[in-house]
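Morning, everyone. Let me put the model on the screen, and then we'll go through it from the inside out.

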Amino acid sequence: MKLNWAERLIVNNPVRVMIQRRIVKWVGRTVAPDPAARVLEVGCGRGAGACLLLEKFQPAILHALDLDHRMIRQAMTYLNPEQKRRISLYVGDVFRLPYRDAVLDGVFGFGVLHHLPDWREGLREIARVLKPGGFYFLEEFYPQFYQNFLAKRLFLHPEHDRFYSHELRQALKDCGLSLQQRLEQKQLGILAVVVKDRGKGGKG
Ligand SMILES: C[S@@+](CC[C@H](N)C(=O)[O-])C[C@H]1O[C@@H](n2cnc3c(N)ncnc32)[C@H](O)[C@@H]1O
C-alpha cells in the first residue's frame, strides 16, 4: 500500500535519515555482506536507506525498488551521480520480485511489511529470492503503533490480519527464516536480522 501525504512527510525528512543511519549501524553488528554480495532493498521510498546501505556495506550489486513511482522519481533526484551509478532503482512490487529463486545474499526492508495487505505472501516472496544462508533485515511496526486513534486518522495502512511479535515470528519460521538478532518493543515494533535456513531452496 502506497503512503499518503502525511506519512510521506514522516519518512522524507532528515530525522528519518538519522534514525536509519543508526539502524544500519546496528545491522552492521550482525551482518557483513561479502563485497561480491547481491543485495536488494524493498520499499526503498526516496532512496535514503539505499544510500546508507551503499556507504556501510559497499555491495557489488545493490537494487532498490518501490511500488510507488513517485518515490522512485524522488529517489532519482535524491541520489548523487555516483550513488545512481551504483544503485539500480526501479518501480517494483514485493509480491512479484523479478528474481529467480535463491539468488540474493541479502534483502533489507525498512518499514515495509506492515504496509502489505498480505504480509505473509510478501515474506514468502522475500524468502524465495534469498540464497540459503542469506539474510533479511526488517524494521517493522506493530498495530498499536499505527492503528492507534491518531495514527488511524493521519495515515493509511492495511487494517486486517495484522501482526504482533508472535504472528511475525511464526511466519518467519514458516518461511524458513531464523532469527539471528532482534531489538524489540513488544507492543510497538521490532528491528530484526533473520537468516534463510540452509536446507531451504525455493518457496518457504
Ligand atoms: C513506511 S514507507 C518506508 C520508506 C523507506 N523504506 C523508509 O524507511 O524511509 C513504506 C514504503 O513501502 C512501499 N511499498 C508499499 N507496498 C509495497 C509493495 N507491495 N512493493 C514495494 N514497495 C511497497 C511504499 O511505497 C513506501 O515507500
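The largest nonpolar core has 53 residues. A core here is a set of buried Ala, Val, Leu, Ile, Met, Phe, Trp, Tyr and Cys residues joined through C-beta atoms within 7 Å. Buried means that 20 or more other C-beta atoms lie within 10 Å of the residue's own, with C-beta atoms placed from the backbone. A50, L53, V107, L123, I126, Y136 and V194 touch the most other members. Helix α3, residues 48-57, gives the most to this core: seven residues.

This is a predicted model: local features need pLDDT of at least 70, side-chain atom pairs count only at pLDDT 80 or more, and totals for chains, interfaces and linings use all residues. Residues are numbered from 1 along each chain as its sequence is written.

Take Y136. What does Y136 touch, leaving out residues up to four places away in sequence? V107, I126, L130, L177 and V194. Touching, or contact, means C-beta atoms, placed from the backbone, within 7 Å.

Now the whole chain. Of its 204 residues, 42% are buried. Among contacts with a separation of 6 or more, 70% join residues 24 or more positions apart. The C-alpha trace spans about 45 × 40 × 30 Å along its principal axes.

Note on methods: Buried ≥ 20, exposed ≤ 12 C-beta atoms within 10 Å, placed from the backbone. Helix = DSSP H or I, 4+ residues; strand = E, 2+ residues; numbered from the N terminus. Contact = placed C-beta atoms within 7 Å.
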